[in-house]
Amino acid sequence: MNDEPGTDRPTRSNRTLRSLPSRFSPLRLIATILLAVLVVGLIAVVAGWRPSLNPFKERTIDRSSPAVLRSLEDLSAYHAAGAHFEVVVDLEDDTKWIPAALKGERTLFVGVGTVDSTVDFGHLDADAVTVSPDRRSVTIELPNPTLSTPVLDLEHSYVVARQRGALDRVGGLLGGVSSDKALYQKASSKMTDAARTDGQVTELGKKNTTAMLRGLLGALGFTDVRVTYAADRR
């Protein structure tokens, strides 16, 4: 039976278009998105990745240039022993006739560092080593151990407290920079004085240097190794 002109009959394309809303409904789309987010979250948890949702999170960007080699230096000193020190530096800067509440700064600093006992082998002459004719005995004359420049441990050294006068605080707000160089210098000086006064690190340096030479020369066949120092010959 033929359709009469003017009668609307749904075609196949029209039926397809009508079926699209039910196949791609908003609820189905939302469920798909949530499922995708859940899968990505599970993968992130398994992989150990934790995305940050804080828009104000700070980060550190390192734009420093690489280190540049400026010079090389021959090292002939044997570091035989090391002494570890902790010193408290109480340093105050004041101005005469002005109260400390207005002008002045007092800093309490804890310095941690190491002072080594070193023996310089670089200036030994031919007379410093005497070998017996049978090459079984050897005598070595060494200079006295010296103390190295203290090396501060910046990771464990810290400022405990800092008090500033009102004018110094205002200067800091306006761009004034306070340097802690004097604190490091004072801490290093106190460590050197303590190592020199105590003397244990120097004696340990002698002992360790003697043991090192006896072990080294003993491996070369010497049965009698004598090590003397300049201080012992006084």
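## A tour from the sheet to the cores

Start by selecting Thr 130 and Thr 139 in this predicted model: Thr 139, in β4, is the bridge partner of Thr 130.

The three strands make an open sheet in the order β3-β4-β8, with mixed pairing. Look at the edges, where β3 (129-131) and β8 (224-229) stand; each has a single partner strand, so one side of each has no neighbour in the sheet. From one strand to the next, the twist averages 10°.

Now show helix α5, residues 200-219. This helix packs on the sheet and touches β4 and β8. The direction of α5 makes about 150° with that of β8.

Move on to the largest nonpolar core and select its twelve residues: Ala 81, Ala 83, Val 87, Val 89, Phe 109, Val 115, Leu 152, Leu 183, Ala 187, Met 191, Ala 195 and Val 201. Colour β1 (77-94), β2 (104-120) and α4 (181-198) as well; these are the elements that give two or more residues to this core. In soluble globular proteins, nonpolar side chains tend to be buried together.

Apart from this core lies another, of ten residues; to find it, select Val 119, Leu 142, Leu 217 and Phe 222, which are among them.

Finally, go back to Val 87 in the largest core. Which residues does Val 87 touch, not counting residues up to four places away in sequence? Select Phe 109, Val 110, Gly 111, Ala 187, Lys 190 and Met 191 to see them.

Methods:
Residues are numbered from 1 along each chain as its sequence is written. This is a predicted model: local features need pLDDT of at least 70, side-chain atom pairs count only at pLDDT 80 or more; totals for chains, interfaces and linings use all residues. Side-chain values use heavy atoms; hydrogens and water are left out. A nonpolar core is a set of buried Ala, Val, Leu, Ile, Met, Phe, Trp, Tyr and Cys residues joined through side-chain atoms within 4.5 Å. Buried means under 20% relative accessible area, exposed over 50%, partly exposed in between (1.4 Å probe, protein chains only). Helices (H or I, at least four residues) and strands (E, at least two) are DSSP runs, numbered from the N terminus. Contact means heavy atoms within 4.5 Å. Two strands pair if DSSP finds at least two bridges between them. Axes are lines fitted to C-alpha atoms, for helices over the stretch in contact, and angles run from 0 to 180 degrees between N-to-C directions.
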